[in-house]
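Please keep the structure open beside you as you read.

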Amino acid sequence: MNTATINSTATDEAERGPEPVGADESPILSVKNLSVKFQDNTAVDDVSFDVSPREVLAIVGESGSGKSVTSLAIMRLVELSSSGKVTDGQMRFTRAGGEVVDLRTAPEAKMRTIRGNDISMIFQEPLTSLNPVYSVGNQLAEVLRVHKGMSRREAKKGVIELMERVRIPEPERRARQYPHQMSGGMRQRVVIAMALACQPRILIADEPTTALDVTIQAQILALLRELKNDLDAGIIFITHDMGVVAEIADRVLVMRKSQAIETGQVGDIFARPRQPYTKNLLSAVPKLGAMNGTDSPALFHLDREEAS
Ligand SMILES: Nc1ncnc2c1ncn2[C@@H]1O[C@H](COP(=O)(O)OP(=O)(O)OP(=O)(O)O)[C@@H](O)[C@H]1O
Ligand SMILES: [Mg+2]
């Protein structure tokens with residue numbers, strides 16, 4: 001049983017305030033009691049969460065807590081890419097037409113379709129997702145041709161529209177550039193454009209802004225916020241930074257040592273963290289009081305009881 005579930009009391013429910021985004025819709029992805037092991041090392045231990053349309057779920061926690069392995073498990077890449085094994089749990093994904101897919105048992109061919117179309121990933125290092133020998137315009141065009149069935153000509157126009165949508169200046173010139181000719185921030189915009197082209201139901205962003213400097217990070221977060229509603233997708237945003245969580249997330253899942261120790265709406269977690277570990281994460285955020293219109297970090301230490 002995970003602590004996060006136990007801690008969700010009736011009082012908490014009453015104080016929760018306005019309906020969260022996507023609360024009236026059934027989840028796109030439902031993960032229940034997920035466990036992943038690497039030989040004797042438990043990387044993910046009994047983790048459960050849902051993701052609804054247009055909802056951003058942030059998975060936050062220290063290095064090694066199991067955030068990335070959780071997303072690899074969703075993509076069913078644990079067994080494919082490592083010696084790890086999903087040992088327990090259920091992962092149910094609802095495709096655009098309503099088809100429900102069991103991500104643990106679906107045939108590999110179906111998983112390939114899902115990885116290519118339904119669930120997209122953005123990584124910390126955009127070069128991971130880009131091919132060094134093709135111009136970014138060619139790579140975006142390829143995605144549009146494969147996923148949207150566009151002709152060469154349509155794709156060429158589509159590429160410029162996509163690049164404008166992710167606010168890449170001078171798209172005609174930029175489209176001819178190779179990934180290594182672009183800055184990290186521009187490359188990450190290209191990767192986001194590729195994800196948009198696939199129109200995924202779930203977008204998993206694993207520390208997509210960590211490698212970027214603070215100003216660029218803020219621009220990328222603003223972009224993702226802007227896109228999240230037109231995407232009509234659920235977003236899983238992995239980070240170790242509670243400041244980023246405040247910027248982007250609707251809901252938070254706090255992981256520590258492979259377990260989900262706390263979960264809730266962003267406002268609730270920031271106002272009333274229950275676990276000492278979550279409090280610590282929050283105390284590391286600069287300008288903690290910003291949400292409350294003051295600079296005092298002490299604000300987040302009022303109005304709460306020590307976790308029992
Ligand atoms: N390929 C692998 N082989 C063996 N152990 C692994 C492998 N990948 C991850 N692990 C282990 O699984 C646990 C969870 O790792 P994971 O990468 O999910 O952490 P994380 O929360 O994403 O950390 P970070 O913030 O550093 O990215 C760690 O103990 C890690 O050492
Ligand atoms: Mg990771």
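1. Let's begin at the ligand. Of the 13 residues around ligand 1, those that come nearest are S63, G64, K67, S68 and V69. Please keep in mind that this is a predicted model.

2. A polar side-chain atom of S63 lies 2.5 Å from an oxygen atom of ligand 1. K67 also uses its side chain, where an N or O atom is 2.7 Å from an oxygen atom of the ligand. With G64 the backbone takes part instead: one of its polar backbone atoms is 2.8 Å from an oxygen atom of ligand 1. Taken alone, ligand 1 exposes 640 Å², and the protein buries 62% of that area.

3. Which elements give two or more residues to the shell around ligand 1? They are strand 2 (41–51) and helix 3 (67–74). Helix 3 gives the most, with 3 residues. By type, the residues of the shell divide into 3 nonpolar, 7 polar and 3 charged.

4. Helix 3 deserves a point of its own. Because 6 of its 8 residues are buried, helix 3 is largely enclosed by the rest of the structure. The buried residues are K67, V69, T70, S71, A73 and I74.

5. Now please turn to E262, which sits in strand 10 (residues 259–265). What is the nearest side chain of opposite charge to E262, and how far away is it? It is R274, at 4.8 Å. E262 is buried yet has no salt bridge, because a salt bridge needs a side-chain nitrogen of Lys or Arg within 4 Å of a carboxyl oxygen.

6. One last stop is A249. You will find A249 in the loop between helix 11 (242–248) and strand 9 (251–256). Is A249 buried or exposed? A249 is buried, as its relative accessible area is 10% and the cut-off for buried is under 20%. A249 and V266 are 17 residues apart in sequence, while their C-alpha atoms are 6.6 Å apart in space.

Notes. Residues numbered from 1 in each chain as written. Chains lettered and ligands numbered in written order. Predicted model: local features only at pLDDT ≥ 70, side-chain atom pairs only at ≥ 80, totals over all residues. Heavy atoms only, no water. Near = heavy atom within 4 Å. Polar contact = N/O pair within 3.5 Å; in protein donor to acceptor, adjacent residues only side chain to side chain. Areas by Shrake-Rupley, 256 points an atom, 1.4 Å probe, with all protein chains shown as cover. Helix = DSSP H or I, 4+ residues; strand = E, 2+ residues; numbered from the N terminus. Nonpolar A, V, L, I, M, F, W, Y, C, P; charged D, E, K, R; others polar. Buried < 20%, exposed > 50% of the residue type's maximum accessible area, 1.4 Å probe, protein only. Lys, Arg positive; Asp, Glu negative; His and termini not counted.
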